[in-house]
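Dear colleague,

Please find the structure below, handed over for your records. My notes on what was found in it follow directly after.

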Amino acid sequence: MVPAATTVGGYLQSLPNDRRVAMARVCSMIRRSARGVRESMRFGLAFYELDGPLFAVESHEKTLTLFVAEKDVIEEFKDKYKIINPERCCIEFPDLNCLPLDVVEKVVRAALTRRRARKGQSIPSQSEILALWGISEEDAAVAPPIVRIVINHEEENADPAK
């Protein structure tokens, strides 16, 4: 199910404490290491974009996943770190208490450098990125907006003759 939060900060506030802290640390690392990227919430993921999707962070009950759009960067680091999943083009953090932020920083900086070198050429589309990350269209469906209708009961019960 896609969370209803429209900002990364709002999404972080909705998470349990252990996941909130872990995800906030990864999101903060991305913001520090990848200046100039735009942060948004889409498909229940914290998205970071520079000329299209570049990173996404997803929180699960027991794990955290950082998706990277630059496949060649993942290929470059896959033999160095066992937490990198080259099939889904992501870094999987099985232990929220032990996040290797040094690995995240290296991958983020390399992906940002690679994206800037492309200068807008051959950047994958959002649908290609979702397919690369193994996220189905159903999972990526946007949640319906929350509509609140407030009824003032005092006005309803007021005597119209007064």
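Predicted model: local features only at pLDDT ≥ 70, side-chain atom pairs only at ≥ 80, totals over all residues.

Phenylalanine 77 is buried, with a relative accessible area of 6%; here buried means under 20% relative accessible area, exposed means over 50%, and partly exposed lies in between, with a 1.4 Å probe and protein chains only. This residue is placed in helix α3. Helices (H or I, at least four residues) and strands (E, at least two) are DSSP runs, numbered from the N terminus. Leaving aside neighbours within four places in sequence, phenylalanine 77 is in contact with Ile84, Lys106, Val107 and Ala110, contact being heavy atoms within 4.5 Å.

Residues are numbered from 1 along each chain as its sequence is written, and side-chain values use heavy atoms, with hydrogens and water left out.

The chain as a whole

The chain contains six helices and six strands, and from the N terminus on the elements run α-α-β-β-β-β-α-β-β-α-α-α. Of its 162 residues, 41% count as buried. Among contacts between residues at least 6 apart in sequence, 57% join residues at least 24 apart. The chain exposes about 9600 Å², of which carbon and sulfur atoms supply 51%; accessible areas come from the Shrake-Rupley method with a 1.4 Å probe, and for residues only the protein chains shown count as cover.

Helix α2

Helix α2 covers residues 17-33, 17 residues in total, and reaches 24 Å from its first C-alpha to its last, close to the 24 Å expected at 1.5 Å a residue. That expected span is 1.5 Å times one less than the number of residues. Buried in α2 are Arg19, Ala22, Met23, Val26, Cys27, Met29, Ile30 and Ser33. Seen down the axis of α2, these buried residues fall within an arc of 150°, so they line one face of the helix; the arc is that of the directions from the helix axis to the C-beta atoms. Their cover includes α1 (8-14), β2 (45-49), β3 (53-59), β4 (64-68), β6 (90-93) and α4 (101-118).

The β1-β2 hairpin

Strands β1 and β2 run antiparallel and are joined by five bridges; two strands pair if DSSP finds at least two bridges between them. They form a hairpin with two residues between them, and phenylalanine 43 in the turn has a positive phi of about 60°. Methionine 41 stands opposite alanine 46 in β2. Serine 40 is found in strand β1, residues 38-42, and counts as buried at 18% relative accessibility. Not counting residues up to four places away in sequence, serine 40 touches Val8, Leu45, Ala46, Phe47 and Glu49.

Salt bridges

A salt bridge is taken as a side-chain nitrogen of Lys or Arg within 4 Å of a carboxyl oxygen of Asp or Glu, and by this rule the count comes to nine. In one of them, the side chains of glutamate 49 and arginine 38 meet at 2.7 Å, N to O. This pair links distant parts of the chain, with glutamate 49 in strand β2 and arginine 38 in strand β1, 11 residues apart. Glutamate 49 counts as buried at 12% relative accessibility, whereas arginine 38 is exposed, with a relative accessible area of 52%.

Glutamate 70 forms a salt bridge with arginine 118, the closest N and O atoms being 3.1 Å apart. Glutamate 70 lies in the loop between β4 and α3 (71-77) and arginine 118 in helix α4, so the pair ties together parts that are 48 residues apart in sequence. The relative accessible area of glutamate 70 is 0%, which makes this residue buried, while arginine 118 is partly exposed at 21%.

Within helix α4, glutamate 105 and arginine 109 lie four residues apart, about one turn of the helix, and form a salt bridge whose closest N and O atoms are 2.9 Å apart. Glutamate 105 is partly exposed, with a relative accessible area of 27%, and arginine 109 counts as partly exposed at 42%. Finally, salt bridges that share partners join Arg38, Arg42 and Glu49 into one network.

With kind regards
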